[in-house]
Amino acid sequence: MNSECRTYFERISEFLDGELDRDLCAKIESHLQDCPECRECLESLRRTIELCRRMAEEEIDPGVLARLKRAVLEALNH
Amino acid sequence: MQGESVVNHMEKTASNPSDEQLVASFREGSAEAMEIIVERYGNRILRFGLKMCGHLQDAEDISQETFLSAFRYLDSFRGETRLINWLFKIASRACMRKRRKKKDEPDREISLDAWLPERPGDEGRSYQIPDPDAGPDAHLDRKEMKKVIGEAMRQLPPHYRIVLNLRDVEGFSTRETADILEISEQAIKTRLHRARLFMREKISEYFEEEAYG
């Protein structure tokens, strides 16, 4: 691992989120072509993010929402 | 309208009201508007509370507190942000208050150095992160995967967990998350990166143990 890897490692989330400017993106893309460790780092992080994102698909029992609605409306009516 | 949700009724009888219309109706005294707001956003707030606290009862308490507070102060909501962002701001404060009351989850910092690729003695490490697109049978079923990720999230210090949930689970942008938590965008980016590295480590540890017993 060299200093370039370390510099880019700190920005890799922003790179994946598309939050870096074009110049820095191009530098990271070029570095990734030559650095298998950073490619592995990027891919494993990408997968991690995607797995977390899929937690948003989790369903809540409809009975819980109904209970919440009832509790809120009752509390407001008192 | 017995047996039919308010949202369904509105969709059938009129156009689906926008949040702005609901807020306006609420200000005119409509109880139906309140009901639609809870139906529309209740699931997301409950899920957020559940991921933050790990217990359904706590999630219900947080959600109830969020909507009650929102309806008490909705008159002062000026629409500078989306209604859902405002609800998450209230819910985030409720989560942090609940955590402070429990005092069993001290915040701690996560060092970036701990996750550098190729640390000394760690050369050539390959992270065992399942391919999310590989299909349900490739590594674990959905339920088991949910459990692994949920457990990893619970181990995250709370001020990292909240950022990960808002950004990666709920899909808020960096700017929106900064606004919800009232901290800088840079702090959001820093915490998010470390939270993701932490999650990667925990998920990988699980699969390494699975692979090597």
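Chain B has nine helices and zero strands, with helices being DSSP runs of H or I at least four residues long and strands runs of E at least two long, numbered from the N terminus. Read from the N terminus, its elements go α-α-α-α-α-α-α-α-α. This is a predicted model, in which local features need pLDDT of at least 70, side-chain atom pairs count only at pLDDT 80 or more, and totals for chains, interfaces and linings use all residues. Residues are numbered from 1 along each chain as its sequence is written, while chains are lettered from A and ligands numbered from 1 in the order in which they are written.

**Chain B overall**
- Of the 213 residues in chain B, 34% are buried, meaning that 20 or more other C-beta atoms lie within 10 Å of the residue's own; 12 or fewer makes a residue exposed, anything in between is partly exposed, and C-beta atoms are placed from the backbone.
- Take the contacts in chain B between residues at least 6 apart in sequence: 66% of them join residues at least 24 apart. A contact here is a pair of residues whose C-beta atoms, placed from the backbone, lie within 7 Å.

- Where they meet, 12 residues of domain 1 of chain B contact 13 residues of domain 2 of chain B.
- On the domain 1 side, helix H3 (31-53) and helix H5 (83-102) of chain B each supply at least two residues, and H5(B) gives the most, with six.
- That domain 1 side has four nonpolar, four polar and four charged residues, where Ala, Val, Leu, Ile, Met, Phe, Trp, Tyr, Cys and Pro count as nonpolar, Asp, Glu, Lys and Arg as charged, and the others, Gly among them, as polar.

**Where chain A meets chain B**
- Between the chains, 35 residues of chain A are in contact with 41 residues of chain B.
- On the chain A side, the elements giving two or more residues are helices H1 (3-9), H2 (12-16), H4 (36-53) and H5 (62-77) of chain A; H4(A) gives the most, with 13 residues.
- By class, the chain A side comes to 20 nonpolar, three polar and 12 charged residues.

**Helices H2 and H3 of chain B**
- The axes of H2(B) (residues 19-27) and H3(B) come within 7 Å and cross at roughly 140°; axes are lines fitted to C-alpha atoms, for helices over the stretch in contact, and angles run from 0 to 180 degrees between N-to-C directions.
- Leu22(B), Ser25(B) and Phe26(B) of H2(B) meet Ala33(B), Met34(B), Ile36(B) and Ile37(B) of H3(B). That makes six nonpolar residues, one polar and no charged.

**Covered helices H5 and H7 of chain B**
- Buried residues in H5(B) include Trp86(B), Phe88(B), Cys95(B) and Arg99(B).
- What covers the buried residues of H5(B) includes H3, helix H4 (56-73), helix H7 (158-169) and helix H8 (174-181) of chain B.
- H7(B) is itself mostly covered, as 10 of its 12 residues are buried; among them are Arg161(B), Asp168(B) and Arg167(B).

**Positive phi**
- After H7(B) comes Gly171(B), with a positive phi near 80°.
- Glu182(B), a residue other than glycine, also has a positive phi, near 55°. Glu182(B) sits in the loop between H8 and helix H9 (185-212) of chain B, and is exposed because 9 other C-beta atoms lie within 10 Å.

Terms used. Two residues are in contact if their C-beta atoms, placed from the backbone, lie within 7 Å.
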